Number of protein chains: 6
Amino acid sequence: MRPSGRAPAQLRDIRITRQYTMHAEGSVLVEFGNTKVLCTASVEDGVPRFMKGQGKGWITAEYGMLPRSTHTRNQREAARGKQGGRTLEIQRLIGRSLRAAVDAKKLGENTILIDCDVLQADGGTRTASITGACVAMVDALTFLLNARKVKEDPLLGLVAAVSVGVVKGVPVLDLDYDEDSSADTDMNVVMTQHGGFVEIQGTAESEPFTFEQQQAMLALANDGIRDIIRQQQLALGW
Amino acid sequence: MRPSGRAPAQLRDIRITRQYTMHAEGSVLVEFGNTKVLCTASVEDGVPRFMKGQGKGWITAEYGMLPRSTHTRNQREAARGKQGGRTLEIQRLIGRSLRAAVDAKKLGENTILIDCDVLQADGGTRTASITGACVAMVDALTFLLNARKVKEDPLLGLVAAVSVGVVKGVPVLDLDYDEDSSADTDMNVVMTQHGGFVEIQGTAESEPFTFEQQQAMLALANDGIRDIIRQQQLALGW
Amino acid sequence: MRPSGRAPAQLRDIRITRQYTMHAEGSVLVEFGNTKVLCTASVEDGVPRFMKGQGKGWITAEYGMLPRSTHTRNQREAARGKQGGRTLEIQRLIGRSLRAAVDAKKLGENTILIDCDVLQADGGTRTASITGACVAMVDALTFLLNARKVKEDPLLGLVAAVSVGVVKGVPVLDLDYDEDSSADTDMNVVMTQHGGFVEIQGTAESEPFTFEQQQAMLALANDGIRDIIRQQQLALGW
Amino acid sequence: MRPSGRAPAQLRDIRITRQYTMHAEGSVLVEFGNTKVLCTASVEDGVPRFMKGQGKGWITAEYGMLPRSTHTRNQREAARGKQGGRTLEIQRLIGRSLRAAVDAKKLGENTILIDCDVLQADGGTRTASITGACVAMVDALTFLLNARKVKEDPLLGLVAAVSVGVVKGVPVLDLDYDEDSSADTDMNVVMTQHGGFVEIQGTAESEPFTFEQQQAMLALANDGIRDIIRQQQLALGW
Amino acid sequence: MRPSGRAPAQLRDIRITRQYTMHAEGSVLVEFGNTKVLCTASVEDGVPRFMKGQGKGWITAEYGMLPRSTHTRNQREAARGKQGGRTLEIQRLIGRSLRAAVDAKKLGENTILIDCDVLQADGGTRTASITGACVAMVDALTFLLNARKVKEDPLLGLVAAVSVGVVKGVPVLDLDYDEDSSADTDMNVVMTQHGGFVEIQGTAESEPFTFEQQQAMLALANDGIRDIIRQQQLALGW
Amino acid sequence: MRPSGRAPAQLRDIRITRQYTMHAEGSVLVEFGNTKVLCTASVEDGVPRFMKGQGKGWITAEYGMLPRSTHTRNQREAARGKQGGRTLEIQRLIGRSLRAAVDAKKLGENTILIDCDVLQADGGTRTASITGACVAMVDALTFLLNARKVKEDPLLGLVAAVSVGVVKGVPVLDLDYDEDSSADTDMNVVMTQHGGFVEIQGTAESEPFTFEQQQAMLALANDGIRDIIRQQQLALGW
């Protein structure tokens, strides 16, 4: 029995609210149970220097947690004067995942800046961020199409993510904080709408994991992500 | 006629939502029209080194804007590696204002850390922050009283804040972004529940202002803050 | 009776020495009693990127305290690796105040960089800085006129500043360190030669202040600044 | 045919040289073909503050590339003033991997600091680092045992790592730089001597990868790591 | 003929003014011609952590140039967020030189912090700093003796410094900025009152220098420093 | 008798290995006994902004120590977020020394970036760095000549360096760590192939040194550097 009473293959309630704030070209509040992340997509003309002249677009992401989004307060990274290793790791993951969803050529020399800010954390903030950011990015692409800055839709398909793990020997889907902090293994999986893997990051927390456990976790993730993508599509009115 | 259609002495709709997030001892979403700030109050044992052994408590504040809370995206301060001058100025103001509302002796050697994070900006974020943070702080003080970490209520009274200004020659209350960016003079006023002034910060943006304009602005602020404090009291169920 | 023996409305001895150092286009040592600040104005061609192409000039300021300008030594900000919040707040105030004295259009695309470095501190360093920096800026404007980089004098009028406060219930002018550290309220006022207000920053240190006290402080400031501007004019030989 | 002429399941020549430098408790030069990493293990008394009083040891790692270990020179991170996201990500991975090889209780309140510095890079620096660092750590544990700072050997077993990928549709083992920069998918795998998985980090570089490709890569990694661990054992004289 | 009209072995006018500012235990304005440096010595109880428990004192120095002490404005190091290499090099030199003048055992666990801030630069700021800082340090030692924090005078003797160089083939003493910027060789020499060398730092700017030139420069420095030490003694009333 | 058994005028074994790593245009491992430094020279097109348009080349150097190149581990400067004063001082010295060996005009607008990374430290790392870096630079110049980016050889002659000191009253050549830490005086000398002095940096560690000691040290350095330059020539096959 999971602490939340969920079955092993059961997701938390997932809510995706578009146009959550008013200034960004894409603005999505994504909720996986009590985990709440505000994902905005900002459109900027041009691309960073290292990409200039290639006729390709750029998508990048930043991630942050509000200091008291967590059980005990974390020091504000802006006050500390630098982003921590975990933050950098997560925002690199978000950026790579979203770039996998887009045809950079069709995007042209435009940049989409994703910001994922965690308002409330209860496990799975990075996978929720990817899921919400993808919807915000779709809205930003629509903005670019409507503004005729982009001629053809650059979207290759949606991407979404979920965490899976082994808790007390049992493979489970979509861990909340309670499970996450006691998991033997924790794995984050990012997949496309078409069922391809974009990222797999599995970490043994206390015990090494076996080939079979890895298989079971991927199977859970595969099913979970299919459901999550359906939520993205509903939110987008597709 | 103001761009928003409001009368010169009319506040925007003010909403104060407590328990907005689940981890902090105090958590308030404050809205002044389209300006939305999440204010949390976190309780920590003990005080910073420079205050140790005096038997007094400490209240301090940090402020941040989500990168796309604004019309165009601002660089994330954590990524830039430092907080800007405006941020430091605002968080110093919030901290001073809240300390004016509390008897440090009665607080004992406890610290309350305030975080004000702007989710959506439309003018007046610093005054909204003070207003919301005060309510979050009251909840944190109640937590301390209930946990018997504090014996007697340290609250001296509520504090609240509002901006006033002179726009096209006319003194007006509670400027939104449109007015703020075209104001001749912009003044932020912080007052206590008992009608005393805690802070006055007035700046001539284009033209110096006169003694009479200053008087008129303070009168507007005085009335506006009285109404805002009523909203705080309603939110607190007083 | 004030600790210094001065009457409530009495300024300290004010001295303004031009050409104090030899390299800067404007170089002024300003003394308010024992407070001594070296203010230099440096002329540079062009304007910062965010102002280019508008045909307007730019004036900006930096402020610093020598580590042992104070009773006990302060850590050197260059060694700490960042400027503190108080420093940033003061230099933003100096910059805004001086920009209020100049017609940016007439200045053309030239920059004046003000440096205010406190050699010895005894209260009121920010108001002394504004007062001295204005004279240094006038010398820099004269340099620009003589060098024919500017055609018409951009000066709208002098600006000067003073602190006022309420000490043991009595409104007083031009607080020294002894008074400053025991004041109930501390207010910094910046005014133009023509009697307009540029900045008012009042802070209740222990007790909130009343509308009447605020009035009394502004009246003291108004008279004091008139005298200070006379000193500026004398120093400039006007 | 691979650019290096190797078969898909063929490792590069692996060399592990102990006592490469003279000061560190463990000092290993590890070579995977042309990739050369100097891995040192330094023993320090005590543990960081956040672990004090638990009776457990701590193992942590830092990673760096000499500026010209690569084809074109990279800016020195010490001169840039911060470690990049890739660096932080890799050193976190090395630290987690090594902690999985050790019983923290048996280590007692001792710290082992691992430094992995890349002298020459040709792909796979992070997996070479883990492989070499494990041997350096074993020497540091022997030092602790000989110095009687540790009573019982804390080593749970060796860990080693290798990269696998899909290049032009074919799963291959131990990618060099040429393959790495043209791979469809790149996966780093860390395993224990006992065949358990410690970390799996797979990234689709251009195309998403399939479940079957993931299986094939893991199988290659499993065989490769078995061989690498044999090299570690030979180097240790086991 | 030197640009200043001085003879090769002729110093600039040297002035040493004690008690230049009022807060520091030692405060000296030192002038070598147009080079003006404010040197303060601040006494603090105790020593830095790395020296604790040895019963010895510590003397350290910091150096800075006001932004417009030079011909063209230098960026403020506090604003840049770090001290440059030249600054660090100079302050390390000042600290070493002063420590050579003091018996650390007799100083006991007290710290003297030297600050050398250049108000106006015209060549030779580092040698002027050492010369002035030594006098400020003597005043700080007297303070410690009077306050009975030190029992026996820790001063081993005065130290002073001067620059020498080869300009257009001719060895000259005490270079000003004009000479410094066209010198073939520039050498800074620090000596004790008793004629011993504390530091020699010679740099070929355009041409390597010969053994004979080096000899000639040291002879000039030796005579010059003897005169400078006489100025220190006069200033101290010895 | 020296701790190493060497005669006062005897160098340690010096080895210079070219092409030590494969990517850099020049790559040299230099060994002075147990001191081992990897020196690479990287060629880049163009020059830094402050040198543009003068038709001259630029040579600059960076220096670092691997954290465990020393007896006890030093904190990694990249992790600390800045290079220390000693590091900056040394890399400035290396850069100046190498620039003295090259005709900047003949180099044209090309940059040579030197990296000196200490793999193992046993005294004299800065002088070993200069010695090895000069050879790496010669290889980079040859690369530029072969690539026809430079028409005429810019090399004016080799430079090399050695430390000398006074240990227990006796002048000695090429101090190792044991001697260095107990020396009365430590002097680093850089000379050209033609016998000219490029840099002399002498520091009294405990006792001031005399004119005669200074002479004796320079004589030792002169002989030692002649031998070291012969080693450079052998390594270069001259």
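**Cysteines, then rings**

Author: Cys39(E) counts as buried, with a relative accessibility of 0%. Keep in mind that this is a predicted model. Cys39(E) is in none, and its nearest cysteine sulfur, the one in Cys116(E), sits 4.0 Å away; a disulfide would need the two sulfur atoms within 2.5 Å. What about Cys134(E)? Its closest cysteine sulfur belongs to Cys39(E) and is 10 Å off, so that's too far for a bond. Cys134(E) is buried too, at a relative accessible area of 0%.

Now for the rings. Searching the whole structure turns up 12 aromatic pairs over all chains. One of them is Phe50(A) with Trp58(A): the ring centres are 5.3 Å apart and the planes meet at 85°, so you'd call it edge-to-face. Phe209(B) and Phe197(C) make a stacked pair instead, with 5.7 Å from centre to centre and 25° between the planes. Phe209(B) comes from the loop between strand E9 (197-204) and helix H6 (211-236) of chain B, and Phe197(C) from strand E9 (residues 197-204) of chain C, so this pair joins two chains. Phe209(B) and Phe197(C) are both buried.

Conventions
Residues are numbered from 1 along each chain as its sequence is written. Chains are lettered from A and ligands numbered from 1 in the order in which they are written. This is a predicted model: local features need pLDDT of at least 70, side-chain atom pairs count only at pLDDT 80 or more; totals for chains, interfaces and linings use all residues. Side-chain values use heavy atoms; hydrogens and water are left out. Buried means under 20% relative accessible area, exposed over 50%, partly exposed in between (1.4 Å probe, protein chains only). Rings of Phe, Tyr and Trp (its six-membered ring) pair if their centres lie within 6.5 Å; planes under 30 degrees apart count as stacked, over 60 as edge-to-face and the rest as tilted. Helices (H or I, at least four residues) and strands (E, at least two) are DSSP runs, numbered from the N terminus.
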